[in-house]
Amino acid sequence: MERADITTLRALGFADDELKTLGLWEPASGEPVTLAEAYIRRSQKRDDVTTLRKHVRDVCRAAAFDGVRIRHVWFEQKSASKAHVRREEFDKATRAVLDGLSKTLYVWKTDRLSRRGMGQVGLLLDDFDKRSGRVVSVTEGLDSSKGSRMVFAILSERAREEAKDIAMRVKAGKDAHRAEGRWTGGVTPYGVYSPKGSGRLAPHPTEYLVSRRIADSLLAGFTPATIAAMLVSEGARTRTGKNWTATGIISLAHSPAWAGLLPDRERMTDEFGAPLDKWHRACSPLMGPDGHPVSAGEGVVAFAEWSKIQALLASRAVEGSDFGNRARGKRRPVTLLSALLRCPHCKGPMQNAGVSYYCLARKQSGPTACRGITTERQRVDFAVYVLWLNHIMSLPPESETIHEIARRWLSYQDPEKEARKAAVSAALDKAVSRELRLQKEFFIGGSVDETTYEVLRRELSAQIDGMKRELAELQREADLSPLMDAESLAALWGTAGVEGQRALLAAALRSITLTPARFRGDRTPIEERLIPDWRDEEGRASWPEVALDAVKRSRLRRKERVALQGT
């Protein structure tokens, strides 16, 4: 029997003999107090696999010294300083300790654990203390069970400030380079590339000819859909090997970099004004102090040609409507399955066409890209609803799918609660930072007298305790009772609306494929032509048969009681 993390360990370059030496070859078993989780995070490209292997070795040596075995090595490449970045492997590592599978979480260094300060680390330590768990920082020799909370606080706050300094330096450097007309990185449009180390744009040696044909066709008045169909019929592919589409042609034509110009951009923020890792690139070029576009080199088209193409595309937009308006934003969904239904031929998405769903690849790129398939929308929507209802009723109450449905539904149904949760979490981070600065001023700086310190400390502690209680109340587990009964589940679906129903489906389904009819006039029931890809398929395959039988019997008895009550 192999370890669940053996694939990750081999991907890091460990040989089987070394894994045996480190104690990472066989699955670890025993009492939770003798087991531990190891969390390894890579946030910079210079942290190559050699460095990461050293992190794992150091953690294993520390665990062997403590007399515990590593149950699982959790690895991911994610930022630890951004609140909007969800670290799935970190959540799994902490959940393993909170669920009692082990009692220790090893990290190589505190900043590998988090760069969001004591607000996040403090809550984690509180939760671990309640379950007699601990966090160990290997290189710093810290153990949260041995009175190291203050040191954890100082180091986590230092890591937070360091993350801010790094972000400020990077932004200042990029802004300076952009002002000088240097390409600072990112994906270039088709037909253009930036030679390594040059910081300038230049025509791509292999993509330029196709890209120039697109430009000439647009200037000649051909529509993007016509150009895409022509390229697909000739076997031309995009940079990623996919078929050309009308949307792709339009996006390419709108890019200022296609004309060798630096695009203007604006960093997106969340509802609280915190910056996200997403940038909105406007369709307009960056303007210099002289009022002229900033050039970053040579593109596929000249600025005059690019401006003419913009005018041609704008002339096809309907004034006062969404048609042709690239800046309209995301429209509200009106169909149930446009994000989940897949074509059986190309495995691509199917989209709404009024009363039916159609293959998007066939629509945008023509019959050369895909044979395509269409189906009546109403009957597929109902069939998927029945499949979803039966599937949820067959799951045990502890299923992760049911909990995910509850989380998504509550987030959709009560967005104010989710917003309040984020606001309280942010306020808690700031309050803990203020408390730490107060302690520094009193214990290290000496600028605060003891009386003032005690008054301020009590007030801050009261604020922090109140916010922790409120956050715990907001994070209370959702009521799953509506998902345990067929009538309640059907009522929940009926009142959800299209957006709510899509959220319920997405929590249980990755996708659903519609197989083609066997012949013209095929009367095979539509539900038999649907192949769902459930999110919990892997987990269900490993459940004991006895447990499955017990669940089925329980569901059957519940359905019988509902039927008797109805009569």
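1. The largest nonpolar core has 35 residues, and Leu337, Leu341, Val384, Trp388, Leu505 and Leu530 touch the most other members. A nonpolar core here is a set of buried Ala, Val, Leu, Ile, Met, Phe, Trp, Tyr and Cys residues joined through side-chain atoms within 4.5 Å. Buried means under 20% relative accessible area, exposed means over 50%, and partly exposed lies in between (1.4 Å probe, protein chains only). Strand S12 (356-359), H13, helix H14 (400-413), helix H17 (486-508), S14 and S15 each give at least two residues to this core. In soluble globular proteins, nonpolar side chains tend to be buried together.

2. A word on the model. It is predicted: local features need pLDDT of at least 70, side-chain atom pairs count only at pLDDT 80 or more, and totals for chains, interfaces and linings use all residues. Residues are numbered from 1 along each chain as its sequence is written, and side-chain values use heavy atoms, with hydrogens and water left out. Helices (H or I, at least four residues) and strands (E, at least two) are DSSP runs, numbered from the N terminus.

3. Which residues does leucine 337 touch? Setting aside residues up to four places away in sequence, they are Met350, Tyr357, Val380, Asp381, Val384 and Leu505. Contact means heavy atoms within 4.5 Å. There is also a second, separate core of 30 residues, with Leu231, Trp258, Ala296 and Ile309 among them.

4. Next, a sheet. Three strands make an open sheet in the order S10-S14-S15, with mixed pairing. Its edge strands are S10 (341-342) and S15 (530-534), each pairing on one side only. Two strands pair if DSSP finds at least two bridges between them. S10 and S14 (residues 509-514) pair in the parallel sense over two bridges. Leucine 341 has isoleucine 512 of S14 as its bridge partner. Strands of a sheet pair through backbone hydrogen bonds, either parallel or antiparallel.

5. Axes are lines fitted to C-alpha atoms, for helices over the stretch in contact, and angles run from 0 to 180 degrees between N-to-C directions. The 17 residues of H13 should span 24 Å at 1.5 Å a residue, and the end C-alpha atoms are 25 Å apart, which agrees. The expected span is 1.5 Å times one less than the number of residues. The buried residues of H13 include Val380, Val384, Trp388 and Ile392.

6. A second sheet is open too, with five strands in the order S2-S1-S3-S4-S5 and mixed pairing. Here S2 (69-76) and S5 are the edge strands, each pairing on one side only. Helix H3 (residues 49-66) packs on this sheet and touches S1 (35-41), S2, S3 and S4. The direction of H3 makes about 160° with that of S1. Helix H4 (residues 88-98) lies across S1, S2 and S3, at about 155° to S2.

7. Look closely at S4 (residues 134-137). Arg134 and Val136 point one way, Val135 and Ser137 the other, and all are buried. S3 (residues 104-107) pairs with S4 in the parallel sense over four bridges. Threonine 104 has arginine 134 as its bridge partner in S4.

8. How do S4 and S5 (residues 142-143) pair, parallel or antiparallel? They pair in the antiparallel sense, over two bridges. Valine 136 stands opposite aspartate 143, and serine 137 stands opposite leucine 142.

9. Helix H8 (residues 208-219) packs against helix H10 (residues 246-254) at about 90°, with axes 11 Å apart. H8 is therefore roughly perpendicular to H10, a label used for angles of 65 to 115 degrees; under 35 is roughly parallel, over 145 roughly antiparallel, and the rest oblique. Ser211, Ile214 and Leu218 of H8 meet Ile249, Leu252 and Ala253 of H10. Just after H8, glycine 221 takes a positive phi of about 100°.

10. Finally, phenylalanine 303. This residue is in helix H11 (residues 303-315). Phenylalanine 303 is partly exposed, with a relative accessible area of 39%. Its C-alpha atom is 5.7 Å from that of alanine 259, 44 residues apart along the chain. Leaving aside neighbours within four places in sequence, phenylalanine 303 is in contact with Leu261 and Pro293.
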